[in-house]
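Hello,

Here is the structure I promised to pass on. Please take a look, then read my notes below.

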Amino acid sequence: MLHSAPLVLPVCDEPIRDGAVVIRGDRVLQVGVRGELLSCFPVTEERRWPGMIVAGPVDACSVAPSAALGVTARASVMADVADPAMTRGITYVEVRAASEEEWEERERDAVITAIREVERPYAVGIAARTRNPHVLEDVAVLARTFGLRLLADLDRHSPTELDEAGVLGPLCHVICSRPLDPGERKLLRLRETVVALCPSETPPVTDVLALLDEGNPLALGTGTTDSEAADTGPLGLATAIRRHVRELGLRARGLDRRLVEAATMGGARALGMDRGPGRIGSLGPGARADFAVFDARGRYPYAALLGGPPCIGTVVGGVER
């Protein structure tokens, strides 16, 4: 099947005018100019969209019961280990044990059971929200033993505390709604830990620019259900950041593209799903057929996408939703 539009934004590559995405099942076969793909592939059906096809936005942290419109994958936090993991992306089992006794006697077994019983194609990780340092260390060991992703909150722990417990690393991403000092940003960068910005109010613009300029891997998350971003998703948060940058009169080279990358590929990297077959957050051969369609037009695609256009369609795993 071929999905075509006046503009395709693969994110991992340059925008394509009169572009298209060829898919078979839940995978992308090729992305390119529509006419060329029609001549190369035995297309049996075409879905012609208005506007712009964009690689699926990925919400790096969400506690809302459902994803914002256009979001194709997300990191959701499961407060009750008895709840089923039912989100595209990763569901994180929350660990809040206040003491080693509580962790050993009750919560540890419940978490292990939840990890073992999750059904494919859903993935599970651990949200390390306990304040007890010994429980935090055991959670890090447990995650490494089972090969799980970790999620930590920098409003609860400092990067130093997480690093001492063995939590930080490329298998972990942290959510943050506060400014980070240069030393904290450097430690996270050295540990290859993605920072997912989940601001509750005005995005910390100067912090965003510092993270981007210094090379920290960045993602965007909607965070709490009462935030405006919960309705607009990571692209809505990117739009808000861009607006505040302009209000402050700041200049940032390539900001529009870097914010869109944070909302898509950055979120995929936070979930460890940005590489290999079935990757998300970008459109290319072998990627999962996840994308959103926005009624966006203009000479500058990234700027048009951050202008707040309506989402008119979403395709997840090759299925229109």
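Overall size first. The protein has 321 residues, and a compact globule of that length would have a radius of gyration near 20 Å. The protein has 20 Å, so it agrees with the globule rule. Keep in mind that this is a predicted model. Along the principal axes, the C-alpha atoms fill a box of roughly 65 × 50 × 35 Å. Of the 321 residues, 55% count as buried.

On to the fold. The protein holds nine helices and 16 strands. Take the contacts with a separation of 6 or more: 59% of them join residues 24 or more positions apart.

Helix H2 covers residues 100-117 and helix H3 covers residues 133-146. They pack at an angle of about 20 degrees, and their axes are 12 Å apart. Angles under 35 degrees count as roughly parallel, so H2 is roughly parallel to H3. The crossing of H2 past H3 is right-handed. From H2, the contact is made by Glu100, Trp103, Glu104, Arg108, Val111, Ile112, Ile115 and Arg116. From H3, it is made by His134, Val135, Asp138, Val139, Leu142 and Phe146. By class, the contact of H2 with H3 has eight nonpolar, one polar and five charged residues.

Two loop residues are also worth a look.

Val63 sits in the loop between strand S6 (58-62) and strand S7 (73-78). Is Val63 buried, partly exposed or exposed? Its relative accessible area is 36%, so Val63 is partly exposed. Val63 and Thr222 are 159 residues apart in sequence. In space, their C-alpha atoms are 8.1 Å apart.

Arg288 is in the loop between helix H8 (255-270) and strand S14 (291-294). Buried means under 20% relative accessible area. Arg288 has 10%, so it is buried.

Then go to Val63, between S6 and S7. Finish at Arg288, between H8 and S14.

Best wishes

Terms used:
Residues are numbered from 1 along each chain as its sequence is written. This is a predicted model: local features need pLDDT of at least 70, side-chain atom pairs count only at pLDDT 80 or more; totals for chains, interfaces and linings use all residues. Side-chain values use heavy atoms; hydrogens and water are left out. Axes are lines fitted to C-alpha atoms, for helices over the stretch in contact, and angles run from 0 to 180 degrees between N-to-C directions. Helices (H or I, at least four residues) and strands (E, at least two) are DSSP runs, numbered from the N terminus. Angles under 35 degrees count as roughly parallel, over 145 as roughly antiparallel, 65 to 115 as roughly perpendicular and the rest as oblique. A crossing is left-handed if the near helix is turned anticlockwise from the far one by less than a right angle, and right-handed if clockwise. Contact means heavy atoms within 4.5 Å. Ala, Val, Leu, Ile, Met, Phe, Trp, Tyr, Cys and Pro count as nonpolar, Asp, Glu, Lys and Arg as charged, and the others, Gly among them, as polar. The radius of gyration is taken over C-alpha atoms; the globule rule is 2.2 Å times the number of residues to the power 0.38. Buried means under 20% relative accessible area, exposed over 50%, partly exposed in between (1.4 Å probe, protein chains only).
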